[in-house]
Amino acid sequence: MYDDPLQPVTADETVSVGGTVTLTCRVAESDNSSLQWSNTAQQTLYFGEKRALRDNRIQLLHSTSTELTITIADVQLSDEGEYKCAIFTMPVRTARATVTVLGVPGKPQISGLETPVQEGQKVTLTCTSTGSKPPAKLHWYRGDQELEGHLDVVESNPDDPTYNVSSELTLEVTSSDDNALITCAVDHPSLAPGDKRSEQTLRVLYSPNVQIHPGSNLPREGEKFSLRCTGTSNPEPTSYIWEKKDGELPILAKADGAVLHFPMLNKSDNGVYVCHADNGIGNNQGEYILLVQDPTVMAPSSGVDHAVIGGVVAVIVFILLCLLIVLGRYLIRHKGTYLTHEAKGSDDAPDADTAIINAEGGQSGSEDKKEYFI
């Protein structure tokens, strides 16, 4: 609803440097008076459809008796300010629109990671972004985890109304931080999330984490065998030293850098073997207990083998049970038939002798009957 149908109406606009802003002025009714836009310096931009200022960035978008809409392309910080829309009635009526121009922050720059950091030391990183308006906010991440940095330091630029912003992050590094991705991201209303960020890889120097791996899980007497020493570190280990606790290395054992070779195992080789790995940053050791087995000892079967064998045995037992049940039913059925035939002719006998004679006679009669019909 318009209280005064001839009163122009417009709205404030926000635009980023380099963008395009649209300014619209409307009235509810027209008395055939023209609408006019003027800039912050009170210069007329458009009077109705007529261009008044020679600036190719400013274009007419729509013009009617009740609306005047213009666009300003490639907006600069100097375009910020108050724009006026007027209609030349008696008296002249005006409306004002404030254009806010956002200074787009530059891509952040990270310093402090030019050289590797030794494990256990602290390192301070600095992230800087220039040219933002209003001042940008900076966020730190290690991988996907957000870290809390120091408060942002904001400095104004003497040449334009923008700001330089910097933030510091202090880390006490461990070996797990080696190759971690450190990110500094800019948060600003002129940017979509993640539009401006910088990433650097944190390099950490740390001493070896030593482990010894056997060449076989079943070292047997008389066979070849080896132990391999691995040291996870930065930089990689440059030297390996082998020793046997409570004694000298076996005469036949041969140390070749990270590998200790046994050409032929003997029970006397049993013991605790130690590998020392050094990379110039530090020295650590790993241990392995060697227990030589008899040649007759077989390698343990895997869980899969036991499962297969158990399954086969179960199937065989099931089949045997089924056969026994079928055979039992068959025998019971035929035994009943035999007894029934034996009892024919003896049911009416007065005594056992007569029953036997009748049974024999019944069989003979049956045979006679068979011969008669044949």
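1. A disulfide is taken here as a pair of cysteine sulfur atoms within 2.5 Å. The structure is a predicted model, and it holds 3 disulfides. With the bonded cysteines of the chain numbered in sequence order, they pair as 1-2, 3-4 and 5-6. The next three points take the disulfides in turn.

2. Cys25 is bonded to Cys85, with an S to S distance of 1.8 Å. The angle about the S-S bond is -80°, and the link of Cys25 and Cys85 is left-handed. This pair connects distant parts of the chain: Cys25 sits in strand β2 (residues 21-26) and Cys85 in strand β8 (residues 81-87), 60 residues apart. Cys25 and Cys85 are both buried.

3. The sulfur atoms of Cys127 and Cys184 lie 1.9 Å apart and form a disulfide. This link of Cys127 and Cys184 is left-handed, with -85° about the S-S bond. Because Cys127 lies in strand β12 (residues 122-132) and Cys184 in strand β17 (residues 180-187), the pair ties together parts that are 57 residues apart in sequence. Are these two cysteines buried or exposed? Cys127 has a relative accessible area of 0% and is therefore buried. Cys184, at 0% relative accessibility, also counts as buried.

4. Cys229 is joined to Cys275 by a disulfide, S to S 2.1 Å. The link of Cys229 and Cys275 has -90° about the S-S bond and is left-handed. Cys229 belongs to strand β20 (residues 225-234) and Cys275 to strand β24 (residues 271-278), so the bond ties together parts that are 46 residues apart in sequence. Cys229 counts as buried because its relative accessibility is 2%. Cys275 is likewise buried, at 0% relative accessibility.

5. Another cysteine to note is Cys322. Its relative accessibility is 33%. The cut-offs place buried residues under 20% and exposed ones over 50%, with partly exposed in between, so Cys322 counts as partly exposed.

6. A nonpolar patch on the surface is formed by Val312, Val315, Ile316, Phe318, Ile319, Leu320 and Leu323. Together these residues have about 680 Å² of accessible area. One of them, Ile316, is found in helix α1 (residues 303-343). Why does Ile316 count as partly exposed? Its relative accessible area is 46%, and the partly exposed class runs between the buried limit of 20% and the exposed limit of 50%.

7. Where is Asp79 placed, and what does its side chain contact? Asp79 is in the loop between β7 (67-72) and β8. Despite this loop position, Asp79 counts as buried, at 11% relative accessibility. A polar contact of 2.8 Å joins its side chain to that of Arg57. Leaving aside residues up to four places away in sequence, Asp79 touches Thr40, Arg57, Asp74, Val99 and Val101.

8. Asp74 is not a glycine, yet it has a positive phi of about 50°. At 43% relative accessibility, Asp74 counts as partly exposed, whereas Asp79 is buried at 11%.

9. Asn32 also has a positive phi without being a glycine, in this case about 70°. Asn32 is in the loop between β2 and β3 (35-38). Its relative accessibility is 72%, so Asn32 counts as exposed.

10. Two cis peptide bonds deserve a check against the model. Met90 and Pro91 are joined by a cis peptide bond, with omega about 0°. Pro91 lies in the loop between β8 and β9 (93-102); strand β8 is also the one that holds Cys85. The peptide bond from Asn234 to Pro235 is cis too, with omega near 0°. Pro235 is found in the loop between β20 and β21 (239-244), and strand β20 is where Cys229 lies.

Methods. Residues are numbered from 1 along each chain as its sequence is written. This is a predicted model: local features need pLDDT of at least 70, side-chain atom pairs count only at pLDDT 80 or more; totals for chains, interfaces and linings use all residues. Side-chain values use heavy atoms; hydrogens and water are left out. Patches are made of residues with over 30% relative accessible area and no salt bridge: like charges are joined within 9 Å, nonpolar side chains (Val, Leu, Ile, Met, Phe, Trp, Tyr) within 5 Å. Accessible areas come from the Shrake-Rupley method with a 1.4 Å probe; for residues, only the protein chains shown count as cover. A salt bridge is a side-chain nitrogen of Lys or Arg within 4 Å of a carboxyl oxygen of Asp or Glu. Helices (H or I, at least four residues) and strands (E, at least two) are DSSP runs, numbered from the N terminus. Buried means under 20% relative accessible area, exposed over 50%, partly exposed in between (1.4 Å probe, protein chains only). A polar contact is a pair of N or O atoms within 3.5 Å; within protein, one must be able to donate a hydrogen and the other to accept it, and residues adjacent in sequence count only if both atoms are side-chain atoms. Contact means heavy atoms within 4.5 Å.
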